[in-house]
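Hi everyone, thanks for making time for this one. Let me put the sequence and the model up, and then I'll walk you through the helices and the pockets.

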Amino acid sequence: MNIGCILFGILFIIDGSWFSMGNAYTYLRAWQEMPEKQRQSIRIRPLCRNIGGMIVLCGCIFVAGGIFKLCGRPSFLFLMVLWMISAGIDIWMIEKSGRYLMQ
């Protein structure tokens, strides 16, 4: 059991859940400095759920890696690379789809 991996996982799960509930985005500097007109053009709640879900998924990988002694092993690295690829695809889809913009 790797305590560091589990603690990071729990931290990611808590933060991702907080972000997913729509409470964390107001603390982001980019959001605070964004012009009001641009803020109103974004559907922030669904976007927060998407991003929060990806953070929670990362936390689950860390917790599983810590519990099953995968941290530092090729299987943990494989899972994290898979997560990074899926996060990149998610970001690309967020940018290209227009799903999170007001119509």
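The protein chain averages 89, and 97% of the residues score at least 70. As a reminder, where pLDDT is low, the predicted coordinates should not be read in detail.

Some housekeeping. This is a predicted model, so local features need pLDDT of at least 70 and side-chain atom pairs count only at pLDDT 80 or more, while totals for chains, interfaces and linings use all residues. Residues are numbered from 1 along each chain as its sequence is written, and side-chain values use heavy atoms, with hydrogens and water left out.

Now the overall picture. The protein chain has five helices and zero strands, running α-α-α-α-α from the N terminus. Those elements are DSSP runs numbered from the N terminus: helices are H or I with at least four residues, strands E with at least two. The C-alpha atoms fill a box of roughly 50 × 25 × 20 Å along the principal axes. Of the 103 residues, 30% count as buried; buried means under 20% relative accessible area, exposed over 50%, and partly exposed in between, with a 1.4 Å probe and protein chains only.

Back to helix 1. Its 18 residues reach 25 Å from first C-alpha to last, close to the 26 Å expected at 1.5 Å a residue; the expected span is 1.5 Å times one less than the number of residues. Its buried residues are Cys-5, Ile-6, Gly-9, Gly-16 and Phe-19. They sit on the same side of helix 1 because they cover an arc of only 155° around the axis, the arc being that of the directions from the helix axis to the C-beta atoms. Ile-3, Leu-7 and Ile-14 are exposed on the other side.

Helix 4 has 24 residues, and its end C-alpha atoms are 34 Å apart, in agreement with the 34 Å it should span. After helix 4 comes Lys-69, with a positive phi near 55°.

Over in helix 5 we find Ala-87, which counts as buried because its relative accessibility is 13%. Ala-87 is 32 residues from Ile-55 in sequence, and their C-alpha atoms are 9.2 Å apart in space.

On to the pockets. On a 1 Å grid over the protein atoms alone, a cavity is a set of points where a 1.4 Å probe fits but cannot get out; a pocket is an open set with protein on both sides within 12 Å along at least five of seven lines, and lining residues have an atom within 4 Å of a point. Points join across faces, edges and corners, and a volume is the space filled by probe spheres set on them.

How much space lies in the largest pocket? About 320 Å³. Of its 15 lining residues, Leu-47, Ile-51, Asp-90, Ile-91 and Ile-94 are the closest to its centre. Helix 4 (44-67) and helix 5 (74-97) each give two or more lining residues, with helix 5 giving the largest share, six. By class, the lining has eleven nonpolar, one polar and three charged residues. Here Ala, Val, Leu, Ile, Met, Phe, Trp, Tyr, Cys and Pro are nonpolar, Asp, Glu, Lys and Arg charged, and the others, Gly among them, polar.

The second largest pocket holds about 200 Å³. Its lining divides into eleven nonpolar, no polar and no charged residues, including Phe-19, Trp-31 and Leu-47.

Terms used
pLDDT = per-residue confidence, 0-100.
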